[in-house]
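User: I would like to learn how to read side-chain and ligand contacts in a model. Can you take me through one, feature by feature?

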Amino acid sequence: MAPAITLDDIKAARERIAAHIVPLRITPSPSLSSRFGKDILLAHEYLQTTGAFKLRGAMNSILQLEPGTTGVTAVSTGNHGRALAYAAKKAGVPCIICMSKLVPQNKLDGIRALGAETRIIGNSQDEAEVEARRLVAEEGYTMVPPFDHAHVIAGQGTLGLEMLEQVPDLDTVLVQLSGGGLIAGIALALKLQKPDVRVIGISMARGAAMIESLAAGHPIEVEEMPTLADSLGGGIGLDNRYTFELVRDYVDATVTLSEEEIAAGIRQAYFEEQVIVEGGGAVGLGALLAGKVEPGEKTIVLLSGRNIDMEKHRQIINQEV
Ligand SMILES: *Cc1c(COP(=O)(O)O)cnc(C)c1O
């Protein structure tokens, strides 16, 4: 069956968002290349405005809102919420990020600094979600989901176009896997042009909702646990529409990492590449170092984000956690 998102959708997304995003920077990693005896390159998407790739999907969604929409809303205070707040401000669209009272002040301030209105409701994510749904039902807002939406997936897929353009002979790509919007978009962009590219998805072992859903054969709920890769936490939605099938059909293999393997990825980025990445951003490096992925002759490792608490980063670098 043809995929729900086409190569043309991804190419159109690229044109649509081009003026608003930082192009992907890809550089060779001499240290990893000599260690593994293969060409290994790093894709530095943590350089994206707001510190993670999510701006691509958020921007592609905002630029295609139905006429008459009041504004956009989401429940995330993580990288998706940041991206949506920024994209909405840039496009001149009102944005309300809903969150519970439990969200720490620095996250709240971060979202407000990016120009969004914040609404603090209740004591749980679920209660905040009720308010976001009310904004949609009663006030004409549009909910922009973090991964399971065709416009979001096409936006994240623009990364795959840029990878293949800059490295036409790439054969393997290591990509973070959480809700699956990122890897679905990249896998489509690559495989619809070059079907033999290997796309490998990497999650933390603690609460890998997509990987456990794939094993079950359908979306399932998985207990959420604290992890250094916090941007990879959360479920895929029992009513998943796109990403479950796309990941099942287009991703070649998946691996999971322990917390120590994730920390090793963060340290590798810092000490060998002089780069600060968050836990979720570092899992590709962690997977290589752990020997859980065999690199190809030309392998791209995606570094997807850098929004880590700097005190936490310091502790990881100093081996205090
Ligand atoms: C959201 C996120 C991911 C995972 O993306 P999905 O589309 O949910 O799979 C990976 N890395 C970072 C930094 C993120 O913010």
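Analyst: At 26% relative accessibility, R14 counts as partly exposed. Keep in mind that this is a predicted model.

User: Which residue does R14 pair with in a salt bridge, and how far apart are the closest N and O atoms?

Analyst: The general idea is that side chains of opposite charge can pair when their charged atoms come close. In this model R14 forms a salt bridge with E165, and their closest N and O atoms are 2.7 Å apart. R14 belongs to helix α1 (residues 7-17) and E165 to helix α7 (residues 150-166), so this pair ties together parts that are 151 residues apart in sequence. E165 is exposed, with a relative accessible area of 54%.

User: Which parts does the salt bridge between D39 and K298 tie together?

Analyst: The side chains of D39 and K298 meet at 3.4 Å, N to O. D39 lies in strand β2 (residues 39-44) and K298 in strand β10 (residues 298-303), so the pair ties together parts that are 259 residues apart in sequence. D39 counts as partly exposed because its relative accessibility is 39%.

User: Is R267 buried or exposed?

Analyst: Buried is the class for residues under 20% relative accessible area. R267 has 9% relative accessibility, so it counts as buried. R267 forms a salt bridge with E260, with the closest N and O atoms 3.0 Å apart. E260 counts as partly exposed, at 44% relative accessibility.

User: How many salt bridges does the structure hold, and which residues are linked in a network of them?

Analyst: The structure holds 17 salt bridges. The network links E117, R119, E131, R134, E138 and E139.

User: How should I read an aromatic pair?

Analyst: Look at the distance between ring centres and the angle between ring planes; an angle over 60 degrees counts as edge-to-face. By this rule the count here comes to 1 aromatic pair. That pair is Y270 with F271, at 5.1 Å centre to centre and 85° between the planes, an edge-to-face arrangement. Y270 is partly exposed, with a relative accessible area of 34%.

User: What about backbone angles?

Analyst: Most residues other than glycine have a negative phi, and most peptide bonds are trans. T50 has a positive phi, near 75°. T50 is found in the loop between β2 and α3 (54-62), and at 12% relative accessibility T50 counts as buried. Q319 also has a positive phi, near 60°. Q319 is found in the segment after α13 (310-317) and is exposed, with a relative accessible area of 54%.

User: Which atom of S304 lies 2.7 Å from a nitrogen atom of the ligand?

Analyst: For S304, a polar side-chain atom lies 2.7 Å from a ligand nitrogen atom. Backbone atoms take part as well: a backbone N or O atom of G179 lies 2.9 Å from an oxygen atom of the ligand, and a backbone N or O atom of L182 lies 2.8 Å from an oxygen atom of the ligand. Taken alone the ligand exposes 380 Å², and the protein buries 97% of that.

Methods:
Residues are numbered from 1 along each chain as its sequence is written. This is a predicted model: local features need pLDDT of at least 70, side-chain atom pairs count only at pLDDT 80 or more; totals for chains, interfaces and linings use all residues. Side-chain values use heavy atoms; hydrogens and water are left out. Rings of Phe, Tyr and Trp (its six-membered ring) pair if their centres lie within 6.5 Å; planes under 30 degrees apart count as stacked, over 60 as edge-to-face and the rest as tilted. Buried means under 20% relative accessible area, exposed over 50%, partly exposed in between (1.4 Å probe, protein chains only). A salt bridge is a side-chain nitrogen of Lys or Arg within 4 Å of a carboxyl oxygen of Asp or Glu. Helices (H or I, at least four residues) and strands (E, at least two) are DSSP runs, numbered from the N terminus. A polar contact is a pair of N or O atoms within 3.5 Å; within protein, one must be able to donate a hydrogen and the other to accept it, and residues adjacent in sequence count only if both atoms are side-chain atoms. Accessible areas come from the Shrake-Rupley method with a 1.4 Å probe; for residues, only the protein chains shown count as cover.
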